[in-house]
Amino acid sequence: MFPGARWPRSDRSLWKAFPIQTPGQVPLKQGRSLMDWIRLTKSGKDLTGLKGRLFEVTEEELEKHNKKDDCWICIRGFVYNVSPYMEYHPGGEDELMRAAGSDGTDLFDQVHRWVNYESMLKECLVGKMAVKPAIPKDYHEEKKVLNGMRPKSQVTDTRAREGPISPSYDWFQTDSLITIIIYTKQKDMNLDSVIVDYQHDSFRAETIIKDYSYLIHMELFRDIQEDFSVRVVENVGKIEIVLKKKEHTSWKCLGRALENHNSFTPRKDTAFYYRKCQLISKEDVTHDTKLFCLMLPPSSYLQLPIGQHVYLKLTIAGTEIVKPYTPVSHSLLFKLMEPILPDDKCIYFLIKIYPAGLFTPKLDHLQIGDFVSVSSPEGNFKISQFQELEDLFLLAAGTGFTPMVKILNYALTNIPSLRKVKLMFFNKTEDDIIWRSQLENLAFKDKRCDIEFVLSAPTSGWNGKQGHISRALLSEFLKRSLDKSKVLICICGPMPFTEQGIRLLHDLNFSKDEIHSFTA
């Protein structure tokens with residue numbers, strides 16, 4: 001529901017190969033594309049019908065506007081008249097109508113929280129929701145406290161008690177250094193749990209703990225140098241961030257608290273944070289897919305967990321457009337190909353360019369040295385799924401190959417129990433196969449690795465497997481090394497491919513715990 005493409009990293013050329021009705025996606029009329037919507041918002045037409053006035057909207061007033069030609073929806077406290085957007089919505093009118101005349105925040109977050117609705121719907125803004133008068137709490141509720149602090153609401157209290165224990169922080173200084181210590185009270189922390197950014201006098205350190213985010217956000221007392229170090233003491237869950245002072249003087253305090261400082265909230269309730277990364281290289285991989293390398297700012301620390309994606313943001317025709325992509329390694333063959341810069345400073349993306357699209361042509365036209373906004377990572381893949389794993393099967397279609405890159409590299413170097421890793425890679429033609437020579441080389445060098453290519457539209461000279469994902473193909477491919485070996489199957493591709501694949505895997509008696517699907 002709401003603006004945005006549902007499968008931005010999928011290979012659309014594969015959609016025709018899978019005759020499955022895609023949920024949440026409807027054909028748009030001619031002249032109802034995203035670019036057409038942007039043009040309409042720039043036309044000066046009054047899309048709210050309120051002649052530019054903004055209103056404070058009560059719940060009672062919101063509920064009245066619940067029809068297709070008069071549809072108001074509230075998202076995070078702001079009310080929008082989405083009637084003009086109905087015909088432009090990729091999910092169709094019925095999907096928008098699910099939230100008509102009500103608060104649609106939860107529905108929006110379920111489908112694509114990452115979409116920049118403020119930019120997409122700014123010309124449809126009716127106003128803000130009216131604040132309800134405070135209801136006095138009874139005696140028993142007044143007594144409830146959490147970590148010495150009274151909860152803001154009953155909902156906040158419940159979430160906090162159900163989640164992990166809230167972290168805390170401290171700091172100390174020497175003549176030249178400031179050390180910030182975060183006590184996570186967790187024993188499974190690692191370097192990719194920490195994200196640090198220092199820009200525009202704002203210092204921001206986010207720690208990911210399970211599905212929660214702990215944030216330190218301050219305007220520091222004095223300036224610091226751009227480079228800093230991050231260390232994690234894993235067995236006690238302590239994080240140390242060491243900053244270098246620009247001037248060797250004593251600080252009276254760490255700084256001034258900024259928005260959401262010292263907060264501990266569910267990640268799904270936190271706003272996306274972006275930093276500007278510089279394009280330092282792009283190279284052709286296939287006839288329509290390129291490898292982009294973006295460099296993090298010197299004052300950012302960001303490790304990318306395996307199986308997680310980020311969001312790239314560009315401004316197109318005055319509107320911010322956001323798309324999710326899964327970062328990859330610079331190569332499948334680390335020893336043979338050296339990266340341009342260390343991996344902790346660069347983020348690599350394999351991206352298919354759609355000439356008739358909106359986002360990827362703009363990305364492709366960027367010059368070396370231009371900037372792209374990149375979000376912090378998110379995703380639900382857990383590295384713990386690899387524990388004691390014996391057989392790893394990967395099913396990928398088109399650019400659904402991208403999450404498999406880091407999984408392949410990690411599995412072959414970091415899982416001692418692994419007996420076999422097999423990739424079945426679906427494409428239309430031989431020319432569409434990403435990193436084919438690297439994959440074949442990897443399989444040649446490591447006997448645990450097996451690669452199978454499947455083409456839906458091969459030439460007459462193709463001797464490999466043909467067709468689409470099917471029970472016959474999978475039953476032959478998914479053979480355990482031992483009768484009761486521990487198995488994980490990862491699948492990624494266009495939504496019809498993924499949904500069909502999951503159905504077939506269940507038909508073949510693989511359990512839900514043995515299957516992980518990647519979706520944007």
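Is Lys238 buried, exposed or partly exposed, and what is its relative accessible area? Lys238 is partly exposed, at a relative accessible area of 24%; the classes are buried (under 20% relative accessible area), exposed (over 50%) and partly exposed (in between), computed with a 1.4 Å probe on protein chains only. The structure is a predicted model, in which local features need pLDDT of at least 70 and side-chain atom pairs count only at pLDDT 80 or more, whereas totals for chains, interfaces and linings use all residues. Residues are numbered from 1 along each chain as its sequence is written, and side-chain values use heavy atoms, with hydrogens and water left out.

The protein contains 12 helices and 28 strands, taken as DSSP runs numbered from the N terminus (helices: H or I, at least four residues; strands: E, at least two). Of its 520 residues, 50% count as buried. The accessible surface amounts to about 25,700 Å², and carbon and sulfur atoms contribute 50% of this area; the areas come from the Shrake-Rupley method with a 1.4 Å probe, and for residues only the protein chains shown count as cover. Among contacts (heavy atoms within 4.5 Å) with a separation of 6 or more, 73% are made by residues 24 or more positions apart.

Side chains of opposite charge can pair when their charged atoms come close. Across the whole structure, 25 salt bridges were found, each defined as a side-chain nitrogen of Lys or Arg within 4 Å of a carboxyl oxygen of Asp or Glu. Glu240 takes part in a salt bridge with Lys238, where the closest N and O atoms are 3.4 Å apart. A salt bridge also joins the side chains of Glu240 and Arg231, with an N to O distance of 3.2 Å. Glu240 is buried, its relative accessible area being 15%, while Arg231 is partly exposed at 46% relative accessibility.

Another salt bridge pairs the side chains of Asp211 and Lys382 at 3.7 Å, N to O. This pair connects distant parts of the chain, the two residues being 171 residues apart. Asp211 lies in the loop between strand 10 (202-209) and strand 11 (212-220), and Lys382 in the loop between strand 22 (371-375) and strand 23 (391-397). Asp211 is classed as exposed, with 52% relative accessibility, and Lys382 as partly exposed, with a relative accessible area of 35%. Elsewhere, a network of salt bridges links Lys282, Asp284, Lys290 and Asp364.
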